[in-house]
Amino acid sequence: MAKFDLKDESVVVVIGSGAGGGTLSNELCQKGIKVVLLEAGRRYEIEDFVNNDSEAFDMLTWTQPRTSSGSWRVAKDFPGSPAWICQTVGGTTVHWAGAALRFQAHEFKARTTYGDIKGTNLLDWPLSLDDLAPYYAKAEDKMGVTLTNGIPGLPGNNNYKVMEYGARKLGYQKVSTGHMAINSQPRDGRGPCQQIGFCFQGCKSGAKWSTLYTEIPKAEATGRLDLRAESQVLKITHDAKGKVSGVVYADKDGRILEQKARIVCVAGNSIESPRLLLNSDSNKYPDGLANSSGMVGRNYMRHTTGSVYSIFEKPVHMYRGTVMAGIIEDEVEHRPQRGFAGGYELETIALGLPSVATFLEPGAWGREIATSIGLYSYMAGIWIVGEDMPQADNRITLNAAVKDKYGLPVANVHYDDHPNDVAMRDHAYARGSAVHKAAGAIKSFHSPPSPSTHNMGTNRMSADPKDGVVNKWGQTHDIKNLFVSDGSQFTTSAAENPTLTIVALAIRQADYIAEQMGKNQI
Amino acid sequence: MFAKLDRRRFLRTSAVAVAGTAVAGSEFLAAPDGAWAMTVTTLGKAAAATLIRMARDLFPHDSIGDTAYAKVVEKLDRRAGADQQLAGLLKDGVTALDAAAKEGYAAASEARRIAILKSMETTPFFQTVRVAMAKDFYNDEAVWKALGYEGSSAEFGGYLHRGFDDIDWLPRI
């Protein structure tokens with residue numbers, strides 16, 4: 001593994017090792033570029049993972065303080081945990097379920113397609129599906145996505161079979177085990193899925209793609225990756241001309257160090273990335289870095305979600321096998337006659353018993369909920385993933401009243417549901433329950449959204465610098481050697497799980513950075 | 001019912017039990033039939049017995065014995081030993097629970113106990129015990145077994161050959 005000097009001004013510093021940062025680092029290293037990858041979390045290996053909800057949560061999750069506000073249920077049920085994302089090498093690719101879906105063409109043109117919806121800050125992406133399609137193809141190949149590149153689909157588990165049966169009874173057509181970045185057969189040095197069932201707790205078989213054991217070791221093998229785990233970036237620095245010059249970070253021993261850089265790429269997920277830009281304010285940039293538009297932290301999106309858990313007369317054992325075991329895609333199109341803009345996916349979900357007790361009906365107690373929890377093995381689950389509307393005041397701000405262990409203000413996550421989100425969620429709850437009912441459900445729960453796993457939009461892409469933070473390459477409008485490389489770039493959320501798009505954008509961004517470096521433009 | 005018997009038994013056995021423990025201030029709490037036993041060091045056995053009753057009222061599973069509920073209380077007691085604020089919160093909470101029924105919380109009828117809990121729902125005491133139950137009770141392997149959750153599976157090769165798709169009651173499509 002490479003070790004670069006703190007004063008080496010020729011390196012690219014990447015902050016965060018998940019889908020965006022981990023992929024970008026490898027792509028740059030493969031092109032001969034030196035990368036210092038700073039990750040706040042520890043490095044674990046597959047053998048360290050545990051099949052236990054609570055232990056794995058404590059091991060992998062970002063549990064540093066955050067606060068929340070707004071009308072969303074999460075602020076009431078889990079005020080200190082607005083998001084469920086990771087702090088570990090591999091980032092949230094250790095925790096994700098593996099759904100790898102392309103966005104639809106119209107979703108890149110959300111403002112044009114949906115019109116001017118009151119209260120929203122809708123905008124078209126500065127790129128199209130055609131622009132991204134070649135990179136989606138590269139991402140699918142890299143990640144080994146099922147039902148692409150001749151890779152067979154995964155077999156459906158019990159939870160899927162229940163959903164599929166109900167869906168077909170209702171006449172849904174686009175029902176499958178989906179496009180999953182989980183090996184259905186050996187590929188890329190990794191074995192096939194063993195249907196272990198603890199996808200969220202770190203895949204013990206390595207069948208699920210994670211940068212931890214794909215991109216990162218491949219980058220290390222080039223001799224050009226200097227990965228520093230347990231190294232939390234506190235501030236991005238800049239020179240007198242305003243170009244970024246490096247980062248200040250705390251290493252695993254608590255030492256405060258400065259790493260010089262030619263380019264800095266921020267990929268700390270959509271809460272910490274804007275927080276870092278805001279915490280990097282200076283005399284020259286009093287509102288934070290790359291924030292001349294005032295858009296850093298704004299337009300926070302987290303998908304319109306919610307879950308339907310239903311109880312059946314006979315056992316289902318939903319926890320056996322992959323968590324996201326299949327999908328209904330019939331509701332994903334934009335059909336405004338349903339009473340809302342955009343669409344949603346219905347995907348299976350399964351949680352372990354401890355998580356079900358927490359999320360089935362947050363805050364509930366008493367005989368009725370205990371009886372339902374007691375019927376755990378008779379339960380099936382469906383998760384709603386729908387497009388939510390960007391709103392300027394749904395945003396990440398610095399909470400000066402709460403400081404982290406380094407004395408920096410923590411992120412406050414504010415989110416109000418838009419009427420479009422509410423209408424979509426209600427529709428999806430009804431359809432999800434109908435699917436389960438058609439398969440014989442005797443009771444359904446409409447579980448509210450839990451802490452956000454999909455976080456998007458807080459450094460959004462825009463053609464016009466006054467509408468967003470980055471251009472179509474993820475390069476900040478204000479500072480040309482500062483990039484954003486995670487889901488915070490998303491202009492809109494679309495209805496699909498975000499990871500494939502984050503990876504595709506990272507591959508594309510690496511091409512651009514290499515080209516610009518080659519031309520000495522940055 | 002159980003708690004009343006329990007308390008009578010404590011009176012009979014506590015001298016022996018306390019004599020048998022080396023740690024000053026720690027008390028021994030056991031089921032009347034000897035099915036389970038726990039040690040409380042901070043909250044006191046009467047408070048622990050009330051909390052066990054409360055724990056069961058929060059998430060009653062008639063097929064699960066008191067051991068699993070007692071374990072949650074035991075863990076709360078350990079935490080309270082290292083956290084004075086938590087100890088105060090729990091002790092005051094139990095006092096309030098007992099004061100709400102003239103015969104004491106544990107001896108009150110189920111309907112009365114539920115009404116008492118309902119009236120305390122928004123208090124930090126109630127929330128602390130509820131969250132501890134949701135988090136610790138349902139993370140107990142004995143509870144998993146009772147409710148049909150199989151837990152860790154990787155060491156058994158996952159469910160690929162152990163029934164991930166064994167559902168047999170759905171009609172053919």
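## Pairing in the β10(A) neighbourhood

Two strands count as paired if DSSP finds at least two bridges between them. With that in hand, take β10(A) and β16(A): they run antiparallel and are joined by five bridges. One spot to look at is Ser310(A), which sits opposite Ser444(A) of β16(A). Keep in mind that this is a predicted model.

On to another partner of β10(A): with β13(A) the strand pairs over eight bridges, again in the antiparallel sense. Here Thr304(A) has Gly386(A) of β13(A) as its bridge partner. And how many residues of β10(A) are buried? Eight of its eight, so to speak a mostly covered strand. Both faces are covered: one carries Thr304(A), Gly306(A), Val308(A) and Ser310(A), the other Thr305(A), Ser307(A), Tyr309(A) and Ile311(A), all of them buried.

## The six-stranded sheet of chain A

Zoom out and β10(A) turns up in an open sheet of six strands, ordered β4-β11-β12-β13-β10-β16, with antiparallel pairing. At the edges stand β4 (175–176) and β16 (443–447) of chain A; each has a single partner strand, so one side of each has no neighbour in the sheet. At the β4(A) end, the pairing with β11 (residues 327–328) of chain A is antiparallel and rests on two bridges. Val175(A) stands opposite Ile328(A) of β11(A) there.

Which helices go with this sheet? Helix α6 of chain A (residues 158–169) lies across β4, β11, β12 (344–348) and β13 (379–386) of chain A, and runs at about 70 degrees to β13(A). Helix α11 of chain A (residues 419–438) packs on the sheet too, touching β10 (304–311), β12, β13 and β16 of chain A. The direction of α11(A) makes about 25 degrees with that of β10(A).

## A three-stranded sheet, and Val244(A)

Chain A also has an open sheet of three strands in the order β6-β7-β8, with antiparallel pairing. Its edge strands are β6 (232–238) and β8 (256–260) of chain A, each pairing on one side only. From one strand to the next the twist averages 25 degrees. Strand β7 of chain A (residues 244–250) pairs with β8(A) over five bridges, in the antiparallel sense, and Ala250(A) stands opposite Ile256(A) of β8(A).

Val244(A) belongs to strand β7 of chain A. Is Val244(A) buried or exposed? The cut-off for buried is 20 or more other C-beta atoms within 10 Å; Val244(A) has 24 C-beta neighbours inside 10 Å, so it counts as buried. Leaving aside residues up to four places away in sequence, Val244(A) touches Ile236(A), Thr237(A), His238(A), Ala261(A), Val264(A), Ile479(A), Asn481(A) and Leu482(A).

Not counting residues up to four places away in sequence, Cys265(A) touches Val12(A), Val14(A), Ile15(A), Gly21(A), Leu24(A), Phe483(A) and Ser485(A).

## Chain B and its helices

Chain B has seven helices and two strands, which follow the pattern α-β-β-α-α-α-α-α-α along the sequence. Of its 173 residues, 34% are buried. Among contacts in chain B with a separation of 6 or more, 58% join residues 24 or more positions apart.

One helix pair is worth a look: α2 (residues 45–58) and α4 (residues 84–99) of chain B pack at an angle of about 75 degrees, with axes 10 Å apart. That makes α2(B) roughly perpendicular to α4(B). The contact is made by Ala47(B), Thr50(B), Leu51(B) and Met54(B) from α2(B), and by Lys91(B), Val94(B), Leu97(B) and Asp98(B) from α4(B). By class, the residues of this contact are five nonpolar, one polar and two charged.

## Where the chains meet

At the interface, 30 residues of chain B are in contact with 35 residues of chain A. On the chain B side, α6 (124–136) and α7 (141–147) each supply at least two residues, and α6(B) gives the most, with three. By class, that side of chain B has 17 nonpolar, nine polar and four charged residues.

Terms used
Residues numbered from 1 in each chain as written. Chains lettered and ligands numbered in written order. Predicted model: local features only at pLDDT ≥ 70, side-chain atom pairs only at ≥ 80, totals over all residues. Contact = placed C-beta atoms within 7 Å. Helix = DSSP H or I, 4+ residues; strand = E, 2+ residues; numbered from the N terminus. Nonpolar A, V, L, I, M, F, W, Y, C, P; charged D, E, K, R; others polar. Axes fitted to C-alpha atoms, helices over the stretch in contact; angles between N-to-C directions. Parallel < 35°, antiparallel > 145°, perpendicular 65-115°, else oblique. Buried ≥ 20, exposed ≤ 12 C-beta atoms within 10 Å, placed from the backbone.
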